[in-house]
Amino acid sequence: MEIRLYNTLSKELEVLRPVEESTVKMYVCGPTVYDYTHIGHGRTYVVYDALKKYLSLRGYNVIHVMNITDIDDKIIRRAQSEGRDWREVVDEYTRDYLEGLSKLKVTIDHHPRVTDHIREIIEFIQVLIDKGYAYVAPSGSVYFEVDKYPDYGRLSGRASKELWSQEPEFLGEKKKPYDFALWKASKPGEPYWESPWGKGRPGWHIECSVMSSRYLGGRFDIHGGGTDLIFPHHENERAQSEAYYGGRWVSIWMHTGLVMVGSDKMSKSLGNIVPLKEAFDKWGLALRVWYLSSHYRKPLVFSEEALEQSKRFYERFVNTWSLLTRLEREAVDRHYVRDEDIAQARKLLELRNKFHESLSNDFNTPEMLAAVNELMSFVNRELAYRPVHMLVSIAKKLFREANAVLSLVEEAETSAEEEVDSLVRLIVDIRRELRSLKLYDLADRIRSELMRQGIILQDKGLETTWIKKKTR
């Protein structure tokens, strides 16, 4: 089954064909660490993490790099306004960012920092100057000359030069208003590094070109980020990188939709943000479900109702996983399976196909979640009271595949439950005897006491199954 992804550059779905067979190299633009991480940032992090995990499930070796921009105008302004050293600001918000990733079960293979790559950035800029794509201004700043790169504007769809203007504070020394800074000459009181053009620091766009290429090569498979980065950041990255390497730099450009509050983008400038750590305290890993509940290219509207719905999905997933784990131990292989059970097995395999088809078709996570929801209904309806070994085995394998992408439970969490399950089974058997003797008061008391311990009994006639309820 081919994997197709929407390429912002071609405006079409394209088959993922890795530059190196069986290896997918993916770079995602990470944070500028000048403030706390909010749930808008979290969407981008989770989407690409889930994509990476799906590609891994499909057998690819995925190398996932995401940068940390630790020198920038916003960092400098924050430090100056608070009377702090800029490195102190960076350290504080980097810790918050990394803690957020850990809570959301997002894993990154490498986190390069800009300030650790100044030498490589200077060398990259010098090559662009030598090739005639960049020029040094009298101030010592270095600019990319956009007119030298004929394909500029295709990624963002901005065909008119009137739409390209950027960095107005440097207009006086640029050849054209749309040329952009590769190196910014030092200003009084700002951090700086020595360079052939004088003291200064890197421009924003050059950082990602250098760090992505250093770790993934001069041609790699996926470059991702939010839609707000298409212009100017990704447009400029593409221009300077293809000028440097002399050809196509990235195979597929992917962009996630923004998190919205009503009709507005969630942003620090509008003051409508929800800090990620506060959101996680309230909704936990249900955030991963919420982030994936809308197609990644569409805006995601923040609402507590939607998050509560995602929380219910999360709780149901964890509880169904726990139920399946127990059924896996209890189910008996009877060496003969009824025709009805074979038909049920076909339904499970159809759900598996639906799961993979949805994720292979432009990473359609809402359809994937619908398939997982059907799987959970099947387990609780068809297997909870009659655990056929073959069906339980197939269902658990599919659950493991879903969890490989969703990252909602740890398999190790269930390994210590066997003794508890044995005890609960004994209690349930005793309760069945009480019910058969019509001693319902005692049976109900047992149900109530177990419920207080987070164990929910579900009766069907004299048969009883249970789940261990978890909410985080």
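Contact here means heavy atoms within 4.5 Å. What you're looking at is a predicted model, where local features need pLDDT of at least 70, side-chain atom pairs count only at pLDDT 80 or more, and totals for chains, interfaces and linings use all residues. Residues are numbered from 1 along each chain as its sequence is written, and side-chain values use heavy atoms, with hydrogens and water left out.

**The whole protein**

- The protein has 15 helices and 15 strands; these are DSSP runs numbered from the N terminus, with helices being H or I of at least four residues and strands being E of at least two.
- Along the principal axes, the C-alpha atoms fill a box of roughly 95 × 50 × 35 Å.
- Of the 472 residues, 53% count as buried, where buried means under 20% relative accessible area, exposed over 50%, and partly exposed in between (1.4 Å probe, protein chains only).
- Take the contacts between residues at least 6 apart in sequence: 76% of them join residues at least 24 apart.

**The parallel sheet**

- Four strands make an open sheet in the order E4-E3-E9-E10, with parallel pairing; two strands pair if DSSP finds at least two bridges between them.
- Its edge strands are E4 (61-66) and E10, and each of them pairs on one side only.
- Neighbouring strands in this sheet are turned by 20 degrees against each other on average, direction ignored; axes are lines fitted to C-alpha atoms (for helices over the stretch in contact), and angles run from 0 to 180 degrees between N-to-C directions.
- E9 (residues 220-226) pairs with E10 in the parallel sense over six bridges, and Ile222 stands opposite Ile252 in E10.
- Helix H5 packs on the sheet and touches E3 (23-28), E4 and E9, with its direction making about 160 degrees with that of E3.
- Helix H6 packs on the sheet too, touching E9 and E10, and its direction makes about 160 degrees with that of E9.
- Thr256 sits in E10 (residues 250-256) and counts as buried because its relative accessibility is 0%.
- Setting aside residues up to four places away in sequence, Thr256 touches Thr44, Val47, Tyr48, Gly225, Gly226, Thr227 and Tyr296.

- Three bridges hold the antiparallel pairing of E6 and E7, and Phe144 stands opposite Phe180 in E7.
- The 13 residues of H4 (residues 118-130) should span 18 Å at 1.5 Å a residue, and the end C-alpha atoms are 18 Å apart, so the two agree; the expected span is 1.5 Å times one less than the number of residues.
- Buried residues of H4 are Ile118, Glu120, Ile121, Ile122, Phe124, Ile125, Leu128 and Ile129.
- Their cover includes E5 (134-136), E6 (142-144), E7 (180-185), E8 (200-202), H5 (204-216) and H6 (230-245).
- After H4 comes Gly132, whose phi is positive, near 90 degrees.

- H9 (residues 304-330) and H12 (residues 389-406) pack at an angle of about 145 degrees, with their axes 10 Å apart.
- On the H9 side, Phe317, Thr320, Trp321, Leu324, Thr325, Leu327 and Glu328 meet Val392, Ala395, Lys396, Phe399, Arg400, Ala402, Asn403 and Leu406 in H12.
- Ala395 in H12 has 0% relative accessibility and therefore counts as buried.
- Leaving out neighbours within four places in sequence, Ala395 is in contact with Leu324, Leu348, Leu375, Val379 and Leu383.
- Among the buried residues of H11 are Leu375, Val379 and Leu383, and the cover of its buried residues includes H8 (286-292), H9, H10 (339-360) and H12.

**The E14-E15 hairpin**

- E14 (residues 455-460) and E15 (residues 463-468) run antiparallel, joined by six bridges, and Asp459 stands opposite Thr464 in E15.
- Two residues lie between the strands of this hairpin, and Gly461 in the turn has a positive phi of about 65 degrees.
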